[in-house]
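Here is a quick tour of one protein model, going from single residues to helix packing, cores and rings. Have the viewer open as you read.

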Amino acid sequence: MQLEDIKSVYFIGAGGIGMSAIARYFLHQGLVVAGYDKTPTPLTDSLRQEGMDIHFTDDVALIPETCKDVDTTLVVYTPAIPSTHSELTFYREHGFELEKRAQVLGTLAQAHKALCVAGTHGKTTTSAMLAHIMYGSGLRCNAFLGGITKNYGTNYLLSDSEYVVLEADEYDRSFHWLRPWISVITAVDADHLDIYGTEEAYRESFRHYTSLIREGGALVIHQGVALTPEVAEGVRVYEYGERDGDFHAENIVIDNGEITFDFISPLGDIPQVSLGQPIPINIDNGVAAMAVAQLSGCTAEEIRRGMATFAGVDRRFDFKVRTPRHVLLSDYAHHPKEIYQSARSLRELYKDRKITVIFQPHLYTRTRDFYQDFAASLSLLDEVVLCDIYPAREEPIPGVSERLIYDHLSAGVEKRCIRRADVIDFVRSRDFDVLLILGAGDLDNEVPRIAQLILEKEG
C-alpha cells in the first residue's frame with residue numbers, strides 16, 4: 001500500500017513511545033488514527049486529546065469501522081504484542097497490510113536525510129539533543145524520538161526540513177529497515193539476548209546496520225566499541241568519546257551544578273560549551289550530538305545555543321524534586337551499563353550524600369543474563385531496594401527473580417526486596433536524602449505520588 005492510499009491507521013500497542021510518535025505523524029496528516037493498548041497512561045491520554053481513538057480491551061468489536069477497510073487501512077503493530085492477540089488475528093485473517101513500527105518508520109524516513117542514533121544505551125538523550133540543536137538551527141529537522149523532550153513536550157517534531165532525526169532501535173533488528181545518512185553508534189554492549197541468542201549475533205546485527213549507511217554519509221562511532229563497521233565506499237568514519245576520538249571534549253569543568261567544556265572537532269573546535277542538563281554522562285552524549293549536527297552543517301553558535309538550552313527528556317536522569325534536603329530522580333535505565341552511568345553520574349553530583357535506589361528489573365531474560373552486572377552497577381550506590389521483575393512480553397522463568405541481583409550485591413550495601421505494590425508504603429515510612437527510581441517498567445507511574453510524599457517531608 002502506498003502512503004497516499006492510506007486513509008486510516010490502526011495501532012496495536014498504541015501507547016509505546018516509538019509507536020506514539022508515528023501515530024502523531026499520521027494525526028498531523030489528517031488521517032483517521034485509532035488503536036489498542038493494554039493500559040491507559042499519560043501518553044495515551046495525550047494521544048486521545050490530540051484526536052486518536054484508543055481503547056484498552058482486546059476486542060475486535062471496539063475497532064472503529066473506518067479502520068476495517070482493507071484497501072485504505074494500514075495496521076501498525078509492535079513485536080511485543082503476542083501472536084494470539086484477537087485484534088492482530090482479525091487483521092491477519094482478513095488480509096490487511098500489517099507492518100511493524102520499524103517498517104513504517106523506515107518508509108517515512110526515505111524522503112529525508114536520516115540522522116540516526118543507534119546503540120545499547122544513550123539513544124534517547126543523544127537523539128533528543130541532536131533534534132533540539134537541529135530544530136533550533138537554520139537547517140531545522142523532523143524527529144521521531146524514544147522519549148518526551150522537555151523542550152517541546154512531545155516525541156515528534158515536524159518541519160519542512162530535509163533532515164529527520166531517528167532512534168535506530170536494535171530490538172528485533174528494527175534498525176535494519178533504515179537507510180541512515182549519518183549515524184551514531186553509542187555502544188554495542190549485549191542486550192536482547194532473548195532475540196539474538198548470543199553476543200556475537202547481537203554485534204553482527206550492528207555490523208549489518210553500518211552497511212546500510214548511504215554513500216556519501218558518515219558513521220560516528222564511540223571509541224572502543226567492539227565492532228568493525230562494514231560501510232559502503234564513500235562513507236566517512238569518525239570516532240568520538242568524552243576525552244578521546246576525532247570528536248571529544250577538553251577542559252571539562254564540573255562545578256556548582258554546572259558543566260562546561262571545549263568541543264574538539266576535525267571540522268572546527270567550539271570552545272566553552274555549556275550543558276543545559278548538567279549531568280556528567282551528557283558530556284559523552286553531547287559530543288555525539290554535536291558531531292552529527294556539525295557534520296550536517298549547523299554553525300558553532302547554533303550548536304552552542306542548542307546545548308545550553310537542552311532541558312532533557314522525561315525519565316532520563318529526570319529530576320522530580322531538587323531541594324537542599326531532598327533529591328528525587330526518575331531514570332529509564334534498564335541495562336547494567338546504563339545503570340552504571342547513572343550511578344556514576346549521581347556519585348559525581350552528590351559525593352557526600354546517601355543515595356538510595358528503588359529498582360524494578362525489566363524482563364526475566366535480561367535479569368537471567370545480566371544479574372551479576374546489575375548487582376555490580378547498583379553496588380555503586382548506598383542502599384538498593386529491589387522490586388519484583390516487570391515481565392512486559394515474557395512469561396516467568398523458573399529460578400529467575402530479583403533475588404539473583406540481591407544475592408550478588410557488594411558487601412556493605414544496604415539492601416532489601418519489596419513488592420512493587422508496597423513501594424508507596426515503603427516511601428511513606430522512610431526519609432530519603434537522594435532517591436532514584438530506576439527501570440523501564442511501570443514503577444515510574446508512581447513517581448508523582450512519591451514526589452508528593454517527599455515534598456510533604458520538607459515541612
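## Ground rules

Let's settle burial before anything else: a residue is buried under 20% relative accessible area, exposed over 50%, and partly exposed in between, using a 1.4 Å probe and protein chains only. This is a predicted model, where local features need pLDDT of at least 70 and side-chain atom pairs count only at pLDDT 80 or more, while totals for chains, interfaces and linings use all residues. Residues are numbered from 1 along each chain as its sequence is written, and side-chain values use heavy atoms, with hydrogens and water left out.

Start with Lys123, in helix H5 (residues 123-135). Helices (H or I, at least four residues) and strands (E, at least two) are DSSP runs, numbered from the N terminus. Lys123 has a relative accessibility of 11%, so it counts as buried. Its side chain reaches the backbone oxygen of Gly119 at 2.6 Å. That is a polar contact: a pair of N or O atoms within 3.5 Å where, within protein, one must be able to donate a hydrogen and the other to accept it, and residues adjacent in sequence count only if both atoms are side-chain atoms. Not counting residues up to four places away in sequence, Lys123 touches Val117, Ala118, Glu167, Ala168, Asp169 and Glu170, with contact meaning heavy atoms within 4.5 Å.

Now hop to Ser159, in the loop between strand S8 (154-157) and strand S9 (163-168). Ser159 counts as buried because its relative accessibility is 16%. A polar atom of the Ser159 side chain lies 3.1 Å from the backbone nitrogen of Ser161. Leaving out residues up to four places away in sequence, Ser159 touches Tyr135, Arg140, Cys141 and Asn142.

Helix H2 (residues 42-49) has Leu43, Thr44 and Leu47 buried. They cover an arc of only 95° around the axis, so they sit on the same side of H2; the arc is that of the directions from the helix axis to the C-beta atoms. Pro42 and Gln49 are exposed, on the face turned away from the buried side of H2.

The buried residues of H2 pack against helix H1 (17-28), strand S3 (53-55) and strand S7 (142-149). Just after H2, Gly51 takes a positive phi of about 115°.

## Nonpolar cores

A nonpolar core here is a set of buried Ala, Val, Leu, Ile, Met, Phe, Trp, Tyr and Cys residues joined through side-chain atoms within 4.5 Å. The largest one has 44 residues, and Leu115, Phe261 and Phe263 touch the most other members. Helix H8 (residues 281-296) gives the largest share of this core, 9 residues. Apart from it lies another core, of 43 residues, among them Val33, Leu47, Ala109 and Phe175.

## Rings

Rings of Phe, Tyr and Trp (its six-membered ring) pair if their centres lie within 6.5 Å; planes under 30 degrees apart are stacked, over 60 edge-to-face, and the rest tilted. The count comes to 18 aromatic pairs. Take Tyr135 and Tyr152: their centres are 5.3 Å apart and their planes at 80°, so the pair is edge-to-face. It links distant parts of the chain, 17 residues apart, with Tyr135 in helix H5 and Tyr152 in the loop between S7 and S8. Tyr135 counts as buried at 18% relative accessibility, whereas Tyr152 is partly exposed at 29%.
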